[in-house]
Amino acid sequence: MLPHWLQLMLDSLGPLLWAALVFTAPLTLLSFVLGLTLGLVVALIRLFAAWPFTAIVRFYVWIIRGTPLLVQLFLIFYGLPSVGIVLDAFPAALIGFTLNVGAYSSEIIRAVIASVPKGQWEAAYSIGMNWPQAMRRTILPQAARVAVPPLSNTFISLVKDTSLAAAITVPEMFQAAQRIVATTYEPLILYIEAALIYLALSSILSTLQVRLEERLNRYGGFLEARS
Amino acid sequence: MIELTDIEKRFGDNLVLQGVSVRIAEGGVTALVGPSGGGKSTLLRCINLLEIPTSGMVRIGDEALTFHPGQKVGWASVQKLRRQTGMVFQNFQLFPHRTAIENIMEGLTTVLKWPQERARERALSLLEKVGLAHKADAWPATLSGGQQQRVAIARALAPSPRVLLCDEPTSALDPELSGEVVDVLSQLAREGTTMVMATHDLRLASKIASEVVFLEAGVVVETGPAAEVFGNPQRERTKRFITTLTQK
């Protein structure tokens, strides 16, 4: 017969993984993709747009980076109904995480775009490209290589941060663990199990990051930095 | 005919070019020479508008643009003029994330919307011309400086520009590697490619230039056929400069 703790872990593994599959994964993936898109737009505005626009996006980044994520989630889910905006838990969490990823990734994207040598813009222009073509074909692909390590960090943090959504009633994996604790009174075992699942997810993602870096490094990086 | 008329370029308070006028005949090689900071590179970059002149006029063939202080020119007209030119940079500036052949195809497929196959054929024939057909699929980082510059020349020639602009094409190379670049450029000169090059390299200039423009402190000091300017400079300043170059 299996020891009690192992039996409990096995019994709860199904519900936990199900919650991870149905809530944690979609919340992470959706808010990362939307957040990156937002981050790219914000970065481009900060780098290239005129004053009022840069001021607006700087204000946004300042607010998001300067306040706790949990407080932001509470404001969106519990605070906004007071002004007539009522959101379901999942969309509220999605908006919160997207805004968060957008702010942090915009700083990363801004830095990596600026790190591409100016001569690459000139080379792109010299063969007749316009700004969007130079950006898309020449600058972003090179910036992307440099962005992989810091953006992977953002992504791995996000996987773990989605556990905060439990506090605004999203039934993701951590909340599933809490519910089982409520009936079994085994917090130590269940929370260790949840922690192990987060650890496994993060480890898988780190491995994928290494693969992606190797793939993007095949051409050897900026030429100028080498000479 | 390439015509620069009364070109003035300011960077803030710094007047880099003051009323430079040059006429460049097609089919020949014009070398822009002179001391560092004299405005050679800036003048060259004013031809393809990587630097926008503060005032003056740039004409390449039938395309012309006039500039006035504080007045912006539209992107479309800048590009129209720029597409008459190709440029070779001092530090090559190949796209590191594309192979040699992809570097050459890039302008053809992205800008001119050529089909892949046609662009590949054109790129391959240019690689053969610069003697690097065997390096078609190499990453730029694996090529020597001389090879990178030869790929860069092929990339600049791909859309058949009216004029090839070379900004110190051999300055980043040791004499041995610069030799292979000089060979490619002189072959192009023999074929009648119109070139304008800013250079310190007297070997390069005397070997392939037909005309010379000597610039100092943003003004044209002397201009004329290469043999005359190098062999029998009229101005004292030009004489001194050429003596220091040949002493090396």
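Accessible areas here come from the Shrake-Rupley method with a 1.4 Å probe, and for residues only the protein chains shown count as cover. With that in hand, hello everyone, and let's start with chain A. It exposes about 11700 Å², and carbon and sulfur atoms supply 71% of that area.

Two housekeeping sentences. This is a predicted model, in which local features need pLDDT of at least 70 and side-chain atom pairs count only at pLDDT 80 or more, while totals for chains, interfaces and linings use all residues. Residues are numbered from 1 along each chain as its sequence is written, chains are lettered from A and ligands numbered from 1 in the order in which they are written, and side-chain values use heavy atoms, with hydrogens and water left out.

Now the build of chain A. It has eight helices and zero strands, where helices (H or I, at least four residues) and strands (E, at least two) are DSSP runs numbered from the N terminus. The C-alpha trace spans about 70 × 50 × 25 Å along its principal axes. Of the 227 residues in chain A, 43% count as buried; the cut-offs are under 20% relative accessible area for buried, over 50% for exposed, and partly exposed in between, with a 1.4 Å probe and protein chains only. Take the contacts in chain A (heavy atoms within 4.5 Å) with a separation of 6 or more: residues 24 or more positions apart account for 75% of them.

What does S105(A) touch? This serine lies in helix α4, residues 89-115, and is buried at a relative accessible area of 0%. Leaving out residues up to four places away in sequence, S105(A) touches G35(A), L36(A), G39(A) and L151(A).

On the surface of chain A, L2(A), L10(A), L13(A) and L17(A) form a nonpolar patch with about 310 Å² of accessible area together. Patches are made of residues with over 30% relative accessible area and no salt bridge, joining like charges within 9 Å and nonpolar side chains (Val, Leu, Ile, Met, Phe, Trp, Tyr) within 5 Å. A salt bridge, for its part, is a side-chain nitrogen of Lys or Arg within 4 Å of a carboxyl oxygen of Asp or Glu. L2(A) sits in the segment before α1 (4-48) and is partly exposed, at 38%.

Next, the cores. A nonpolar core is a set of buried Ala, Val, Leu, Ile, Met, Phe, Trp, Tyr and Cys residues joined through side-chain atoms within 4.5 Å. The largest one has 54 residues, of which L185(B) and M195(B) touch the most other members. A second, separate core of 49 residues includes A124(A), M87(B), V111(B) and V213(B).

Let's stay in chain B for T199(B), in the loop between β8 (195-198) and α7 (202-208). Is T199(B) buried or exposed? At 3% relative accessibility, T199(B) counts as buried. Its side chain reaches the backbone nitrogen of D201(B) at 2.8 Å. That is a polar contact: a pair of N or O atoms within 3.5 Å, where within protein one must be able to donate a hydrogen and the other to accept it, and residues adjacent in sequence count only if both atoms are side-chain atoms.

Last, some backbone angles. Most residues other than glycine have a negative phi. Y185(A) has a positive phi of about 55°, and L49(B) has a positive one near 65°. Y185(A) lies in the loop between α7 (173-184) and α8 (187-216) and is exposed at 66%. L49(B) lies in the loop between α1 (40-47) and β4 (55-60) of chain B, and is buried at 2%.
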